[in-house]
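Here is a short briefing to read alongside the model. Have the viewer open and follow along.

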Amino acid sequence: MDLIFIEGFRGETVIGIHESELHRAQPLLIDVHAGVPRARACDTDRIADTIDYGVVRERLQRLLVEHRLQLLEAFAEAIADILIHEFGASWVRVKVVKPRKFDDVQSVGVQIERHAPAHPLSKSAHGATVLKFLASGMVPAKH
């Protein structure tokens, strides 16, 4: 698996559950790792055959402005969904950090990993499964 990543993305957004967090933007640091099965770009040398981290960066900037989430967990999940569904990643790791949230702590945050959902069986794979059942003597009953 090939990994495309962005580390140390900095942005500001309104996020949190406490009254003090809901009226002004606060800084976030985001790390994103997106896995793709051997990117075709290794062979073609074309950006269209991989995940363009410049476009991912722009999408993260837009998410910071548009979201209405309160928890870092939900925000990280939104990033994971974007990478899987919009960019075609098969695996993602997302880390979202609030730096200097507390005076005595360098940072707080969350890190999640997600896999793209498995594709439903194709017709040929389904057919192979039916043949396997038939060969084993498990013939579906007629209704």
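Is R100 buried or exposed? R100 counts as exposed, at 62% relative accessibility (exposed is over 50% relative accessible area, buried under 20%, with a 1.4 Å probe and protein chains only). This is a predicted model, where local features need pLDDT of at least 70, side-chain atom pairs count only at pLDDT 80 or more, and totals for chains, interfaces and linings use all residues. Residues are numbered from 1 along each chain as its sequence is written, and side-chain values use heavy atoms, with hydrogens and water left out.

**Positive phi in loops**
- R100 sits in the loop between β3 and β4 (107–115), and its phi is near 55°. Strands are DSSP runs of E with at least two residues, helices runs of H or I with at least four, numbered from the N terminus.
- D45, in the loop between α1 (41–44) and α2, has a phi near 65° and is exposed at 72% relative accessibility.
- Most residues other than glycine have a negative phi.

**A buried lysine**
- K98 belongs to strand β3 (residues 91–99) and is buried, with a relative accessible area of 7%.
- The side chains of K98 and E21 make a polar contact at 2.7 Å (N or O atoms within 3.5 Å, one able to donate a hydrogen and the other to accept it; sequence-adjacent residues count only if both atoms are side-chain atoms).

**Helix α2**
- The buried residues of α2 are V56, R59, L60, L63 and L64. They lie on the same side of α2, because they cover an arc of only 145° around the axis (taken from the directions from the helix axis to the C-beta atoms).
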